[in-house]
Structure formats: C-alpha cells, structure tokens
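Colleague: I am new to reading models like this one. Could you take me through some features, one at a time?

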Amino acid sequence: MTYGILGWYIALDYRIIYDERIPWDAYFSFDNKAIVMTGGSFERHPLSYYFFNWIREIALYLSDGKTNAVFRLALAWMSNLMVSLSILQVFKYLKNIINLPNYISLLLIIFFGIFSTNILLSFTPENFTYTFFLLTLFNHYTASKIKADKRIPAIPLVFAGVTIGGLTVTNIVKVFIPTLFEKDLFKNWRKLLNTAIRVIITSICFILLYLNRIDFKYKTIFSKTSQQYEKFSNVKSTPTWDMISSYFFGGNILFSDFIIRNKHNMKGFHFKAILMDVYSSWIPYIFITILLALISWSYYKNFKNKLVQMLMISFFVDIIIHCFMKFGLHTAFIYGGHFVFVYPLLIGWLFFTYRSSAKITSILVTITGILFTYLVFNNYFRMTEFFWFLNQYYQ
C-alpha cells in the first residue's frame with residue numbers, strides 16, 4: 001500500500017517516470033523511456049523487447065493511447081505490483097523454507113521493505129523491477145524443491161531461463177545453480193545426465209530465441225557486448241573500493257548522497273538528472289560493515305546448508321560481474337533487484353541457526369532493530385531530497 005501511494009503521487013504529480021524527451025538518466029541512471037519503448041539493448045536484455053511491448057500496450061490501453069499521467073500511473077502500478085510480489089516471495093521463503101517465527105519474519109520483511117532498491121523499483125518501469133520478482137519467485141520455488149529432495153522439472157527451468165535470462169542475460173547462470181544441489185546428483189550418472197539434458201534444453205531454447213531476436217546476426221552480439229563493457233567498466237573518477245562499498249553493497253540498501261547533473265538527450269533537449277554519490281559520512285560505512293558481517297556470519301554457520309549455498313553462489317555471480325569485472329560498478333545500485341533479496345534471507349538463516357539460543361536471538365533482533373531505525377531515518381531524509389528535486393525540475 002505504501003509503495004502504491006508513492007507511485008500514485010509521483011506518477012500523477014510529476015513527469016519523471018516517463019517523459020518523451022528523456023530516454024535515460026533522469027534519476028539514478030534508469031533508462032525509463034528507452035526500456036518502455038524498446039526493452040533496452042539486446043546484448044544485455046535479449047528478450048525484454050517482447051516483454052515490454054506488452055507492458056507498454058497495457059499502459060497505452062489504460063491511457064487511451066496517450067503517454068500522459070494515466071500512462072505513467074499504469075507503469076508505476078505494474079512496477080509496484082512486481083516489487084510487492086517480490087517481498088511476498090521473500091516472506092514466504094522466511095516462513096516456509098526457513099520456518100522462522102512470525103515476529104522475526106515480519107521484522108526482516110519490514111527492514112527489507114525500506115531498502116533503497118525496493119523504494120526506487122516500486123515506481124520505476126525497468127528490467128530490474130521484473131527480474132526482481134522472477135528471481136525471488138524462482139528462488140522460493142527451487143528452494144522448496146531442493147528442501148524436499150526433488151528435482152527441478154524441465155518446463156519451469158526453461159521458463160525461468162527464457163524469462164530471467166531474457167530480461168538480463170547474465171542472470172541465466174543463476175537459473176542453473178539450483179540444479180547443482182539436487183539430491184545425489186554427482187553420485188548417480190542417470191541423475192547427472194537428466195540434469196544435463198534439462199540444462200541443455202533450456203540453453204537451446206534461450207539461444208534460439210535470442211538469435212531470432214537479432215535475425216541470427218550473431219556477430220553483432222560480440223561487437224555490442226564489447227562496446228557495452230568498455231562503456232560501463234572504465235570509470236576512474238571514484239576509487240574502486242568506494243564504488244564497491246557505496247554503490248554495490250550500500251546503494252541498494254542505504255541511499256547515499258545525491259548530486260545533480262546537467263544532461264541532454266542528444267537532440268537538443270537539456271534536463272537535470274539526479275545521481276547517487278559515494279557516502280560522505282562514516283556512519284553508512286559502519287552500517288554496511290555490520291550488515292556484511294551478519295551475512296558472512298550466516299554463511300559461515302550454514303556453510304553446509306545447500307539452500308544457503310544456492311543463495312551465496314548466486315550472489316557471487318553478481319559480485320564477480322560488478323566488483324571484479326567492474327561492469328556497471330559506478331551504477332551498481334540500480335542492479336539491486338538481481339541480488340538484494342539475499343540479505344534478508346541470509347539474516348533469516350542466521351536467526352534459524354540460533355533459534356535455540358534466546359540470548360543470541362535477542363542480540364540479533366537488537367542489531368537488526370538498530371540497523372532498521374537508521375535505515376528508516378536515512379532513506380526518509382534522502383527521499384525528501386528526491387522530492388525537492390522533482391518539485392524543482394519535473395512538475
């Protein structure tokens with residue numbers, strides 16, 4: 001409901017969600033118009049063109065074919081629905097997979113709901129918004145299968161590969177991670193062969209659809225990918241360690257300082273853009289350090305837990321892409337939908353580890369409560385700055 005009110009207010013009173021003149025970067029490097037109209041670049045989002053055709057047509061139908069406030073509201077509400085359903089999937093995981101008590105699950109969900117990624121994606125029509133939902137849905141589904149010692153059927157695997165990989169190509173790797181944890185996979189060659197066949201079928205379906213999208217001109221994939229890597233991996237203005245802490249680990253959770261830049265659409269129209277800067281105070285760095293310490297503690301205590309390994313390996317994929325390969329590291333805060341749900345789930349597993357220790361559980365509740373309190377005040381304050389920006393330039 002809170003997300004819905006936020007999206008309603010921004011869509012009806014401001015034009016920042018969708019403006020015909022602004023294809024990208026109006027706020028936090030999101031490419032709203034470009035995504036809505038084309039689904040984004042094919043080398044990074046190979047099948048999102050088809051998906052956003054449906055999204056755009058639904059919004060246009062509701063707005064009588066006009067890209068007005070109703071059109072913006074429709075886009076915002078669809079994003080709101082996806083983020084709300086994503087949070088629901090995380091809650092279901094905490095309750096059904098980890099079996100946490102209600103009060104801990106609610107604490108983690110409310111904490112998670114204030115993350116900057118959730119706030120921004122709740123009104124932003126972007127690939128990451130829909131990938132967020134698909135990843136949380138697939139994560140909950142596969143966790144339930146692995147927990148019950150069942151294999152992941154071919155049809156759901158193919159569907160996940162096409163949709164999740166189709167919206168952001170690097171995420172297709174995450175679709176295959178749960179298959180590595182199927183029961184006795186490496187002890188029975190028949191099970192290994194069966195899994196290999198399902199993975200191959202999924203890969204073939206995805207590749208064929210991808211090639212069909214570009215009329216089988218496969219060479220353009222390599223040239224475009226190389227161009228994108230050069231464009232999004234060579235930023236030298238900020239130290240790498242600060243981009244990792246402020247953008248990758250921090251910006252998805254805790255808003256940092258904002259800066260305003262002059263931009264233009266390369267067709268003569270100039271506009272103002274709001275972007276995230278690195279943290280200017282030591283307190284956010286302490287916040288992120290404590291949060292990462294909780295995550296690391298959980299991983300250490302649950303190292304032999306297959307479900308925890310599934311989460312962490314998936315998280316490591318993003319760490320490798322953004323922190324080591326440095327792809328999009330300077331804007332890593334917008335990719336939060338790919339992995340930010342890992343935080344509440346791993347903290348949930350930490351609570352599960354100490355479920356029989358009232359003392360440590362109380363300590364964990366206190367730490368989470370303190371983090372939550374600071375998160376609320378920080379993100380509320382930063383959102384007031386965001387609305388000042390909207391009032392100044394996007395009414």
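**Helix pairs**

Colleague: At what angle do helix 1 and helix 4 pack?

Modeller: Helix 1 (residues 2-13) and helix 4 (residues 69-97) meet at about 160°, and their axes lie 9 Å apart. Helix 1 is therefore roughly antiparallel to helix 4. The cut-offs are: under 35 degrees is roughly parallel, over 145 roughly antiparallel, 65 to 115 roughly perpendicular, and the rest oblique. Axes are lines fitted to C-alpha atoms, for helices over the stretch in contact, and angles run from 0 to 180 degrees between N-to-C directions. Helices are DSSP runs (H or I, at least four residues), numbered from the N terminus.

Colleague: What kind of model is this, and how are residues numbered?

Modeller: It is a predicted model, where local features need pLDDT of at least 70, side-chain atom pairs count only at pLDDT 80 or more, and totals for chains, interfaces and linings use all residues. Residues are numbered from 1 along each chain as its sequence is written, and side-chain values use heavy atoms, with hydrogens and water left out.

Colleague: Which residues make the contact between helix 1 and helix 4?

Modeller: Contact means heavy atoms within 4.5 Å. Helix 1 gives Tyr3, Gly4, Gly7, Trp8, Ala11 and Leu12. Helix 4 gives Ala69, Arg72, Leu73, Ala76, Trp77, Asn80, Val83, Ser84 and Ile87. By class, this contact has ten nonpolar, four polar and one charged residues. Ala, Val, Leu, Ile, Met, Phe, Trp, Tyr, Cys and Pro count as nonpolar, Asp, Glu, Lys and Arg as charged, and the others, Gly among them, as polar.

Colleague: At what angle do helix 7 and helix 14 pack?

Modeller: Helix 7 (residues 127-147) and helix 14 (residues 306-324) pack at about 150°, with axes 10 Å apart. Helix 7 is therefore roughly antiparallel to helix 14. The contact involves Asn139, Thr142, Ala143, Ile146 and Lys147 of helix 7. From helix 14 come Lys306, Leu307, Met310 and Leu311. These residues divide into five nonpolar, two polar and two charged.

**Loops**

Colleague: Where is Tyr18, and what does it touch?

Modeller: Tyr18 lies in the loop between helix 1 and helix 2 (32-38). Tyr18 is buried, with a relative accessible area of 2%. Leaving aside neighbours within four places in sequence, Tyr18 contacts Lys33, Val36, Met37, Thr67, Phe71, Arg72 and Leu75.

Colleague: What is phi near in Asn99?

Modeller: Phi of Asn99 is near 65°, a positive value in a residue other than glycine. Asn99 is in the loop between helix 4 and helix 5 (102-113), and is partly exposed at 48%. Asp149 has a positive phi of about 60° and is not a glycine. Asp149 is in the loop between helix 7 and helix 8 (154-167), and is partly exposed at 41%.

**Confidence**

Colleague: Where is confidence lowest and where highest?

Modeller: pLDDT is the predictor's confidence in each residue, from 0 to 100. The chain averages 90, and 95% of the residues score at least 70. Confidence is lowest in helix 11 (residues 219-233), at a mean of 59. Confidence is highest in helix 15 (residues 342-353), at 97.

Technical notes
Helices (H or I, at least four residues) and strands (E, at least two) are DSSP runs, numbered from the N terminus. Buried means under 20% relative accessible area, exposed over 50%, partly exposed in between (1.4 Å probe, protein chains only).
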